[in-house]
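Here is a short report for you to read alongside the model.

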Amino acid sequence: VQLQASGGGLVQAGGSLRLSCAASGSFFSISTLGWYRRAPGKQRELVGSITSGGTTNYADSVRGRFTISRDNAKNAVYLQMDSLKLEDTAIYYCKQSRLGNEYWGQGTLVTVSS
């Protein structure tokens, strides 16, 4: 399984970005997918996740601003980020999980400027 995250970039505070993560390999539709981020000087943290059934979960810091969705036909998961804040600056990673196995993408940098 390989995952490729894309869509990062430089955006002003209050703006929006949409991250994409394309996965290769099997079992995508029955996997839980997650977005994580690592901000400068901080540990990696969970941004949110979506189960195979479409149930989503978000970190308190992004709830109401970020939306995770998936397209099983395209083996893709998305992270729509609205009302971006300076503190959202980080490298964002996608992860595919199934039966204890985890697969990570390489990360995409999001920089929010004032």
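## An enclosed strand

Strand E8 (residues 76-81) is largely enclosed by the rest of the structure, because five of its six residues are buried. Buried here means under 20% relative accessible area, with exposed over 50% and partly exposed in between (1.4 Å probe, protein chains only). Strands are DSSP runs of E with at least two residues, numbered from the N terminus.

A word on the basis: this is a predicted model, where local features need pLDDT of at least 70 and side-chain atom pairs count only at pLDDT 80 or more, while totals for chains, interfaces and linings use all residues. Residues are numbered from 1 along each chain as its sequence is written, and side-chain values use heavy atoms, with hydrogens and water left out.

## The sheet around E8

E8 belongs to an open sheet of four strands in the order E1-E3-E8-E7, with antiparallel pairing. Strands count as paired if DSSP finds at least two bridges between them. Strand E1 (2-6) and E7 form the edges, each pairing on one side only. From one strand to the next, the twist averages 15 degrees, using axes that are lines fitted to C-alpha atoms and angles that run from 0 to 180 degrees between N-to-C directions.

On one side, E8 runs antiparallel to strand E3 (residues 17-24), joined by six bridges; Met81 in E8 stands opposite Leu17. E8 also pairs with strand E7 (residues 66-71), again antiparallel and over six bridges. Here Tyr78 is the bridge partner of Ser69, and Val77 stands opposite Arg70. The hairpin of E7 and E8 has four residues between the strands, and Asn75 takes a positive phi near 50 degrees in it.

## The disulfide

How many disulfides does a search of the whole structure find? There is one, formed by Cys21 and Cys94 with their sulfur atoms 2.0 Å apart; the cut-off for such a pair is within 2.5 Å. Cys21 lies in strand E3 and Cys94 in strand E9 (residues 90-98), so the bond ties together parts that are 73 residues apart in sequence.

The torsion about the S-S bond of Cys21 and Cys94 is about 60 degrees, so the disulfide is right-handed. Cys21 is buried at 1% relative accessible area, and Cys94 is buried at 0%.

## Charges over rings

Arg44 lies over the face of Trp104, 3.9 Å from the ring centre. The criterion is NZ of Lys or CZ of Arg within 6 Å of the ring centre and within 35 degrees of the ring normal.
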